[in-house]
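Let us walk through this protein together, one place at a time. Keep the sequence and the 3D view side by side as you read.

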Amino acid sequence: PDEAKKPDEAKKPDEAKKIRKEIAFLGSQSAEELMKSLSHLSALRALGAPAKEKLDGFGLTKEDRTLVLESTGSKKELTLGDNTHGNMDRYVLDRADQKVYVVAPRYLGDFPYAEFRLKDSGLSRVTRPEMEKVLVGAPGKHKTLLQRHNATPQKAFWADETAPDKAKVLYANWLDKVGRLSVVEYMAPGKEPAGLKEVLVVAYQGKGKVLDELRLYRATPAPVPAADTGKPSVVAPMDAFARSRHSRVMVKINGNLLDEILRDLKSVLE
């Protein structure tokens, strides 16, 4: 009888490709506070340089869990281990001297969820009391909205510059929607989408200068072939993007909210 074929023994688990996702984003105020605390990173306990068996028990032989801290002229690389027994303190290995330390959870607890806890999702940090004017521009049209009594929230209202004493609730509601635009994803340098069409510019002004400028874009629609050639093709939903002085790079935003803003724009520009 023919010898039974053996399973392919050439494939080993350690040959599987490791998939790593690198995400870059602007840090929130929480991230800024965390960075300040990391500049004073200190250990609860020092455990010396234990043997490899101990390192395994501490979860410190997993090379994919690393924290690299860089500042002018210095660099520290830490391997992140498991939590200590019974609490959320964590083992870390200093790669320079191979010594193990235990650090408090406040330093490392947000890193596994950094994209959600540490990302700045706002397009701008300009607050309503700072705004004296908002310049709104669309292809072929533009308008200046005034905020009267901006320093006194109870008295503040928005108006057309041609009728500065007449409150326009429409403007306030529309600007609230613009303020709700948030970052879905930061585009990596060199990975910005091509063929974008600028559909709206919103510039916040105060104290005689531009405080921030939002530029909003739509991707060029691409036709989707229909399954039945007898039917017309449909247009795929268009992604929405933005760039502001605050975001610094191109970001993806909520396209549905941008659609709503653009639908109301006609009334704002009248």
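Set aside the residues up to four places away in sequence, and Thr 84 touches Arg 45, Asp 89, Arg 90, Tyr 91 and Val 102. Find Thr 84 in the loop between strand S3 (74-83) and strand S4 (90-94). Is Thr 84 buried or exposed? Its relative accessible area is 7%. The cut-off for buried is under 20%. Thr 84 is therefore buried, although its place is in a loop. Remember that this is a predicted model, so every value here is computed from that prediction.

Now follow the chain into strand S4, where Asp 94 is found. Asp 94 has a relative accessibility of 8%, so it counts as buried. Which residues does Asp 94 contact, leaving aside its neighbours within four places in sequence? They are Lys 76, Glu 77, Leu 78, Lys 99 and Tyr 101. Asp 94 and Ala 49 are 45 residues apart along the chain. Their C-alpha atoms are separated by 9.6 Å.

Gln 98 is placed in the loop between S4 and strand S5 (99-103). Look at its backbone. Most residues other than glycine have a negative phi. Gln 98 is not a glycine, yet its phi is positive, at about 60 degrees. The relative accessible area of Gln 98 is 40%, so this residue is partly exposed.

A second residue also has a positive phi. His 149 is a residue other than glycine, and its phi is near 55 degrees. Look for His 149 in the loop between strand S7 (141-148) and strand S8 (157-160). With 44% relative accessibility, His 149 counts as partly exposed.

Step back for a moment. How many helices and strands does the protein have? It has six helices and 15 strands. The protein has 270 residues, and 32% of them count as buried. Consider the contacts between residues at least 6 apart in sequence. Of these, 54% join residues at least 24 apart.

Helix H1 (residues 29-38) shows how burial can be arranged around a helix. Which residues of H1 are buried? They are Ala 31, Leu 34 and Leu 38. Look down the axis of H1: these buried residues fall within an arc of 60 degrees, so they line one face of the helix. Turn to the other side of H1, and Gln 29, Glu 33 and Lys 36 are exposed. The buried residues of H1 have a cover, which includes strand S2 (66-71) and helix H3 (105-108).

Ala 31 has its place in helix H1. Its relative accessibility is 9%, so Ala 31 counts as buried. Now compare sequence with space. Ala 31 and Asp 120 are 89 residues apart in sequence. From C-alpha to C-alpha, Ala 31 and Asp 120 are 8.5 Å apart in space.

Val 199 and Pro 139 are 60 residues apart along the chain, and their C-alpha atoms are separated by 6.7 Å. Pro 139 is also one of the contacts of Val 199, leaving aside neighbours within four places in sequence.

Finish with a pair of helices. The axes of helix H5 (residues 169-180) and helix H6 (residues 255-269) come within 10 Å. At what angle do they cross? The angle is roughly 155 degrees. Angles over 145 degrees count as roughly antiparallel, and H5 and H6 are therefore roughly antiparallel to each other. Their crossing is left-handed.

Which residues meet there? From H5 come Leu 170, Tyr 171, Trp 174, Lys 177, Val 178 and Arg 180. From H6 come Leu 257, Glu 260, Ile 261, Asp 264, Leu 265, Ser 267 and Val 268. The residues of this contact of H5 with H6 divide into eight nonpolar, one polar and four charged.

Terms used. Residues numbered from 1 in each chain as written. Predicted model: local features only at pLDDT ≥ 70, side-chain atom pairs only at ≥ 80, totals over all residues. Heavy atoms only, no water. Axes fitted to C-alpha atoms, helices over the stretch in contact; angles between N-to-C directions. Helix = DSSP H or I, 4+ residues; strand = E, 2+ residues; numbered from the N terminus. Parallel < 35°, antiparallel > 145°, perpendicular 65-115°, else oblique. Left-handed = near helix turned anticlockwise from the far one by under 90°. Contact = heavy atoms within 4.5 Å. Nonpolar A, V, L, I, M, F, W, Y, C, P; charged D, E, K, R; others polar. Buried < 20%, exposed > 50% of the residue type's maximum accessible area, 1.4 Å probe, protein only. Arc of directions from axis to C-beta.
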